[in-house]
Amino acid sequence: MIIDTIELKNYRSYSEKRMELSPKTNVFWGNNAQGKTNILEAVYLSAIGRSFRTRKDSELVKKGQEFASVTVEASLKDRKKRVNIVLSENGKKQVKINDIKQQKLSALFGNILIVLFSPETLNFVKGDPGERRKNFDLLISQLNPGYIYVLQEYYKILEQKNNLLKTKREHLPSLEADIWDEKLAMANIRIKKIREENIQKISPLFQDYHLQMSEKKEDVQLVYKTQIPDREEECLALIKSKREKDIFRGFTSVGIHRDDYLMSINEMPLGNFGSQGQIRTAVLALKLAEKDLVFQEKGEMPVLLLDDVMSELDRERREFLYEKLKNCQVLITCTDELIGKEVKSFYIEKEV
Ligand SMILES: Nc1ncnc2c1ncn2[C@@H]1O[C@H](COP(=O)(O)OP(=O)(O)O)[C@@H](O)[C@H]1O
Ligand SMILES: [Mg+2]
């Protein structure tokens, strides 16, 4: 898919800006703090419903203004999509898809398809499991329209169960806990299955890209780690077996909220043993694999958002990336102008 236009109103540093993009490479270049990343962030918002830099939506509204609006128009194989998000300074969000108001923010997923590659992404190998879960949850949410709802439901049930564990420490009514545990077991199994299926699909793509890039032809693995067994009865039994300890701890100690994704090279965990260069190669391979998986599953090429990564990659990896993104629309930020065929550049300078 191709993003044709981006329109910002009172978004971050912009009062009003409309950009017509090239279907190939678009470079947003200029000095620091001029508003380059703000543009990629706005596109990300139109795809995922929130920023990749902050959890506070109010920060996205231009200082002194009450509302911000982002509109992204895209061409798909056989139709057009127009996504509009209005954020108010008090934290409310309203979403329209093709001018139709959406009740749920999650309706956004799967419309504007993106893969983000930023310096933060490079950190995610060493970061805590939550960051890796977030990465794959956002990927899967774009592929599988029902996933985000099951996930949200799971976290709601988990919260209720945890509240029960906290408030009724002394005498936990087991009937009430049983009900939550049954719901948890069901949701755990559904989420585990979807995560597992997607990791099985992305793994060979990841390994293949990695093999193309690594000189020593190292063998990488991406493994989904979960405590959840395959069958619902076993899952329920496992949750119940932890109940006594969980009452003591005040939270649910087993479930997909504890899942992790492990990357390793020649059986050694990359986060602990990988060099900076190995980590970069692996993350690059993963992002390219994500792009292919989206295309494979949705029949549309996602738009690649590359925030400040060119300076983080050496020439060889940079060229590999360009080569592999030849068939994609790419939005890049950098400090120097990139010149080339099929490159549209936007010089970004903050309004005064
Ligand atoms: N809510 C906001 N209102 C006004 N200006 C903002 C807001 N949020 C960020 N900015 C401005 O945006 C600029 C940073 O934009 P960013 O896209 O991160 O820059 P860069 O070009 O370095 O990527 C800063 O000048 C900052 O003051
Ligand atoms: Mg930036």
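1. A residue is termed buried under 20% relative accessible area, exposed over 50%, and partly exposed in between (1.4 Å probe, protein chains only). Cys328 is buried, because its relative accessible area is 2%. Cys235, at 0% relative accessibility, likewise counts as buried.

2. The model is predicted: local features need pLDDT of at least 70, side-chain atom pairs count only at pLDDT 80 or more, and totals for chains, interfaces and linings use all residues. Side-chain values use heavy atoms, with hydrogens and water left out, and residues are numbered from 1 along each chain as its sequence is written.

3. On cysteine pairing, the structure holds zero disulfides, a disulfide being a pair of cysteine sulfur atoms within 2.5 Å. Cys328 is in no disulfide, and the nearest cysteine sulfur, that of Cys334, is 18 Å away.

4. An open sheet is formed by five strands with parallel pairing, in the order β8-β12-β13-β3-β14. Strands (E, at least two residues) and helices (H or I, at least four) are DSSP runs numbered from the N terminus; two strands pair if DSSP finds at least two bridges between them. β8 (114-117) and β14 (343-347) are the edge strands, each pairing on one side only.

5. Within this sheet, β3 (residues 25-29) and β13 (residues 330-334) run parallel and are joined by five bridges. Phe28 has Thr333 of β13 as its bridge partner.

6. Helix α9 (residues 276-298) packs on the sheet, touching β8 and β12 (303-307), where contact means heavy atoms within 4.5 Å. The direction of α9 makes about 170° with that of β8; axes are lines fitted to C-alpha atoms, for helices over the stretch in contact, and angles run from 0 to 180 degrees between N-to-C directions.

Key: Chains lettered and ligands numbered in written order.
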